[in-house]
Amino acid sequence: MPLDASFVGRTWPARTYRVGAEKVREFARAVGATDAVHTDVEAARVAGHADVVAPPTFPVVFTWEATREVVDDPALGLDFTRVVHRDQSFELHRPVVAGDVLTTVVTVAEIKELAGNDVVTFRCDVTDPDGVAVLVSTATLVGRAGADA
């Protein structure tokens, strides 16, 4: 069953996330980010930041939660048991640091069919409490066609 193309351009209610220092440290260790600014507050402050700095891909921690709300919407028609993650990118306007309170708004940017597979691209616009852009995350998922496709 093809995805519901009427989802393109839709947005979902904003979700807010507070960036925790320990979450940043855990993520840095998990991805092998060894720069001390990711784990040591003093090193981060010497580098000009208020607190530990998240690795550039850290926003997946909270943007995926926001995106998953859309992915799990049965009206979209995406069978998550057949999904592979095709692409992910982050356009950072400034570093994400512990203590940030960030708001994510998800938009379905594109839906298309490719060789019988469903391809859906999500855009997450992340802002600070003043509404200033912090980053844009873009992720593309592929819902593989079944054997009967």
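Reader: Hi! How many helices and strands are there in the protein?

Author: Hello! The predicted model has three helices and five strands. Starting from the N terminus, the order is β-α-α-α-β-β-β-β.

Reader: Nice. And what does the C-alpha trace span along its principal axes?

Author: The span is about 60 × 30 × 20 Å. The protein has 149 residues, and 38% of them count as buried.

Reader: Switching topic: how many cavities of 30 Å³ or more does a search of the whole structure find?

Author: The search finds one. The space in this largest cavity comes to about 40 Å³.

Reader: Which elements give two or more residues to its lining?

Author: Those are α3 (60-71), β4 (117-127) and β5 (133-143). Helix α3 gives the most, with four residues. The lining residues include Trp 64, Gln 88, Phe 122 and Ser 137.

Reader: How does that lining split by class?

Author: There are five nonpolar and five polar residues, and no charged ones.

Reader: OK, now the largest nonpolar core. Which residues touch the most other members?

Author: This core has 16 residues, and the ones touching the most other members are Val 70, Leu 78, Val 108, Ile 111, Val 120, Phe 122 and Leu 141. The elements giving two or more residues to this core are α3, β3 (101-114) and β4.

Reader: Pick Val 120 for me. What is it in contact with, leaving aside neighbours within four places in sequence?

Author: Its contacts include Leu 3, Leu 78, Val 108, Ile 111 and Leu 141. Glu 110 and Thr 140 are also among them.

Reader: Which residues does the second, separate core include?

Author: That core of 14 residues includes Val 24, Phe 27, Val 52 and Val 134.

Reader: Let's follow Val 134. Where is it found, and is it buried or exposed?

Author: Val 134 is found in strand β5. Val 134 counts as buried because its relative accessible area is 1%, and buried means under 20%.

Reader: And how far is Val 134 from Arg 94, in sequence and in space?

Author: They are 40 residues apart in sequence, yet 5.8 Å apart in space, C-alpha to C-alpha. Arg 94 is one of the residues in contact with Val 134, and so are His 93, Leu 102 and Val 126.

Reader: Among contacts between residues at least 6 apart in sequence, what share joins residues at least 24 apart?

Author: In this protein, that share is 68%.

Note on methods: Residues are numbered from 1 along each chain as its sequence is written. This is a predicted model: local features need pLDDT of at least 70, side-chain atom pairs count only at pLDDT 80 or more; totals for chains, interfaces and linings use all residues. Side-chain values use heavy atoms; hydrogens and water are left out. On a 1 Å grid over the protein atoms alone, a cavity is a set of points where a 1.4 Å probe fits but cannot get out, and a pocket is an open set with protein on both sides within 12 Å along at least five of seven lines; lining residues have an atom within 4 Å of a point. Grid points are joined across faces, edges and corners, and a volume is the space filled by probe spheres set on the points. Ala, Val, Leu, Ile, Met, Phe, Trp, Tyr, Cys and Pro count as nonpolar, Asp, Glu, Lys and Arg as charged, and the others, Gly among them, as polar. A nonpolar core is a set of buried Ala, Val, Leu, Ile, Met, Phe, Trp, Tyr and Cys residues joined through side-chain atoms within 4.5 Å. Buried means under 20% relative accessible area, exposed over 50%, partly exposed in between (1.4 Å probe, protein chains only). Contact means heavy atoms within 4.5 Å.
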